[in-house]
Amino acid sequence: MTSVREGVERGAEPLAQVVRGDVVESVHTGHLVLLDADGAPLLERGDPDAVIWPRSSVKPFQAVAMLRHGLVLPPRLLALAAASHNGEREHLAGVREILASAGLDESALRNTPDMPLHPPAAFAWQVEGNGPSSITQNCSGKHAAMLATCVAAGWDTTGYLEVDHPLQVAVREAVAEATGQAVEHVTVDGCGAPLFSTTVRGLARAFGRLAAAPERDPRSPEAQVARAMAAFPEMVGGTGRDATLAMRAVPGLVAKDGADGVYGAGLPDGRSLAFKVLDGASRPRPPVLAEALRRLGALDVDGADDAALAALGDAPVLGAGRPVGAVRAVLDGAEGRP
């Protein structure tokens, strides 16, 4: 079997350039695919069939699995279940609300302790005399929802992160179904939950199906997750986060970032995209996402905000504290390739 490392390296192409002055200083390579509403490729860069770890981009599909097994949450908290949140006050309050709905508290969480992602939130947390905690770690909404699912289904809560736990078996099935591909590799994500492999194309396919579900299958768990994320983008990320900004810019968009340069997004009609930055950097994500959404036709969506999408993709390179260049998406030369 081809290793994940070899699969990711093979065929990578430039996705973004870092331009300082009039010289290209750095280049971020990777893999990207845009799919039409029927799942056919509109644009490809690199190898969309490269095997990847979807990281936190998989959270919406973990939430789908939870809904299938008894999780019941209002949309605001369901969005938090699919989140990599900033650790702002509304996020922490939401996690506690999910836990309380299942008769649990913070002590039940098994995710890796960490500080809030948002620097002001992290500072406020420290000022209050706190250190790294499971509730402030960005995956705590997902973990709280996993625990609530276990309570609803009558499953053990102490071992909910074991790969053979009924919850994780259900997640694996949901990921394979959404991506249309069998899971070939299994590992552990940064938060401690099992992580299942897919491909860039599989991730894009999954987001297309998810985003189209409110129209195609409005009562489905997929539709519930899509509607929740689109309605409450601030719960999916938070202040200044690119996924939050993108969903605010394009009504009905479902977008989710993942660590190590992974992204998935889908439009309400089923058009979708996914990419993996080869070096795992987050720096090129916003400009690549913004340009990919433009190429995908996001501005055709009723109510889409061109200025907001442009602001999302604005990634200046600074010199002496002022812009002297920019990080720019490089998606030309691949249109129409099968």
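Modeller: Before we start: a pocket here is an open set of grid points, where a 1.4 Å probe fits, with protein on both sides within 12 Å along at least five of seven lines. And keep in mind that this model is predicted.

Colleague: Okay, how much space lies in the largest pocket?

Modeller: About 250 Å³.

Colleague: And which residues lie nearest its centre?

Modeller: S56, S84, N138, C139 and A259 do, out of a lining of 18 residues. Strand β8, residues 254–258, gives the largest share of that lining, with 3 residues.

Colleague: What classes of residue line the largest pocket?

Modeller: There are 7 charged, 7 polar and 4 nonpolar residues in the lining.

Colleague: What lines it?

Modeller: P54, V58, F61, V175, T179, T198, L203 and A206. Helices α7 (166–179) and α8 (200–216) each supply at least two residues of that lining.

Colleague: And how does that lining divide by class?

Modeller: Into 6 nonpolar and 2 polar residues, with no charged ones.

Colleague: New topic, Q62. Where is it found?

Modeller: In helix α2, which covers residues 59–68.

Colleague: Is Q62 buried or exposed?

Modeller: Buried, because its relative accessible area is 2% and the cut-off for buried is under 20%.

Colleague: So what is Q62 in contact with, leaving aside its neighbours within four places in sequence?

Modeller: Q62 is in contact with K142, M146, V171 and P194.

Key
Residues are numbered from 1 along each chain as its sequence is written. This is a predicted model: local features need pLDDT of at least 70, side-chain atom pairs count only at pLDDT 80 or more; totals for chains, interfaces and linings use all residues. Side-chain values use heavy atoms; hydrogens and water are left out. On a 1 Å grid over the protein atoms alone, a cavity is a set of points where a 1.4 Å probe fits but cannot get out, and a pocket is an open set with protein on both sides within 12 Å along at least five of seven lines; lining residues have an atom within 4 Å of a point. Helices (H or I, at least four residues) and strands (E, at least two) are DSSP runs, numbered from the N terminus. Ala, Val, Leu, Ile, Met, Phe, Trp, Tyr, Cys and Pro count as nonpolar, Asp, Glu, Lys and Arg as charged, and the others, Gly among them, as polar. Buried means under 20% relative accessible area, exposed over 50%, partly exposed in between (1.4 Å probe, protein chains only). Contact means heavy atoms within 4.5 Å. Grid points are joined across faces, edges and corners, and a volume is the space filled by probe spheres set on the points.
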